[in-house]
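Subject: Handover of a structure, with notes on what was found

Dear colleague,

Please find the structure below, together with its sequence. I would be grateful if you kept it open while reading the notes.

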Amino acid sequence: MSASYYQAKLTHDWKLLVCDSNDLALVWPQGHHKRIEAETFLHRVQRECTESSNHSQLQSYNGGFTSAQLEWLESQLKAARLESTNIIIAAHHPLSASAARRSHCAWNLYQIQSLLFKYNDVIRLVLAGHDHLGGYFCHHGIHFLTLEALLETPTDAFAILDITPHGLGLRGFGSVTSQFLPYSTLLNQNGGLHDDDIDHNHSDFCSSGGLDDDDPDDHSYSEDKQNFCGGLDDDE
């Protein structure tokens, strides 16, 4: 069977990496190598737990990335850096406990985050679902966006993502909020990024943007009403 995670080229300098956050999970049959890796991971984390530890993401309805998928992901990110390619990552389970409820996040989100932060010069956006309420946070210049679910609305819940020269514009429909996500660094184009290119003047907080509440039929976004992406560390 082919891998359940893959890459898709969007434009000459944009690529989508679709990850499988059920790769490391208990859904696999007994004796399957992924089931064994999942059980080993859970036992190790449980041994390391202390009374002050918060591992509420270790629910049976969640999952994570196997070691093989993490290796694949890093190889894709290394190539993107060499090729000056901008990356959007998509996974079912949220990869930030500040952009969703921790109880709905990927099992090994901290291991995944440490990898993503190494490549914050190429990763522009991390998309997720699973937590039906949705959410947003910015870590180290990377936008983490959890989209609202169709199950929680009597109307629609979908969005169109526009790639613009200054940021990513999300045109939300139904319960999905429209917003503009500015790039924390210059786009990777013909030669990549240098430290001098980085905008160090971004606000070091994330303020929610989106639509005017009195205009629910307006699906546009405004660069004046945006989620500002600073260099926040999560205090998880």
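Predicted model: local features only at pLDDT ≥ 70, side-chain atom pairs only at ≥ 80, totals over all residues.

Residues are numbered from 1 along each chain as its sequence is written, and side-chain values use heavy atoms, with hydrogens and water left out.

The chain as a whole

The chain contains three helices and nine strands; these are DSSP runs (H or I of at least four residues for helices, E of at least two for strands), numbered from the N terminus. In sequence order they form the pattern β-β-α-α-β-α-β-β-β-β-β-β. The chain has 236 residues, of which 47% are buried. Here, buried means under 20% relative accessible area, exposed means over 50%, and partly exposed lies in between, with a 1.4 Å probe and protein chains only. Among contacts (heavy atoms within 4.5 Å) with a separation of 6 or more, 62% link residues 24 or more positions apart.

The nonpolar cores

A nonpolar core is a set of buried Ala, Val, Leu, Ile, Met, Phe, Trp, Tyr and Cys residues joined through side-chain atoms within 4.5 Å. The largest one has 29 residues, and Leu73, Leu77, Ile89, Leu116 and Ile123 have the most contacts inside it. Two or more residues each come from α2 (67-83), β3 (86-90), α3 (109-118), β4 (123-128) and β6 (142-146). The largest share, five residues, is that of α2. What does leucine 73 touch, leaving aside its neighbours within four places in sequence? Its contacts are Leu17, Cys19, Phe65, Ile89, Leu115 and Leu116. A second, separate core has 14 residues, including Trp14, Cys138, Ala157 and Tyr183.

The buried side of α3

In α3, the buried residues are Leu109, Ile112, Gln113, Leu115 and Leu116. They lie on the same side of the helix, because they cover an arc of only 160 degrees around the axis; the arc is that of the directions from the helix axis to the C-beta atoms. Among the elements that cover these buried residues are α2, β3, β4, β5 and β6.

Strands of a sheet pair through backbone hydrogen bonds, either parallel or antiparallel. Four bridges join β8 (residues 167-174) to β9, and glycine 167 stands opposite proline 182 in β9.

Two loop residues with positive phi

Serine 84 lies in the loop between α2 and β3. Its phi is near 55 degrees, a positive value in a residue other than glycine. Is serine 84 buried or exposed? It counts as buried, at 9% relative accessibility.

Histidine 140 lies in the loop between β5 (135-139) and β6, and its phi, near 50 degrees, is also positive. With a relative accessible area of 29%, histidine 140 is partly exposed.

Yours sincerely

Notes:
Pairing = 2+ DSSP bridges.
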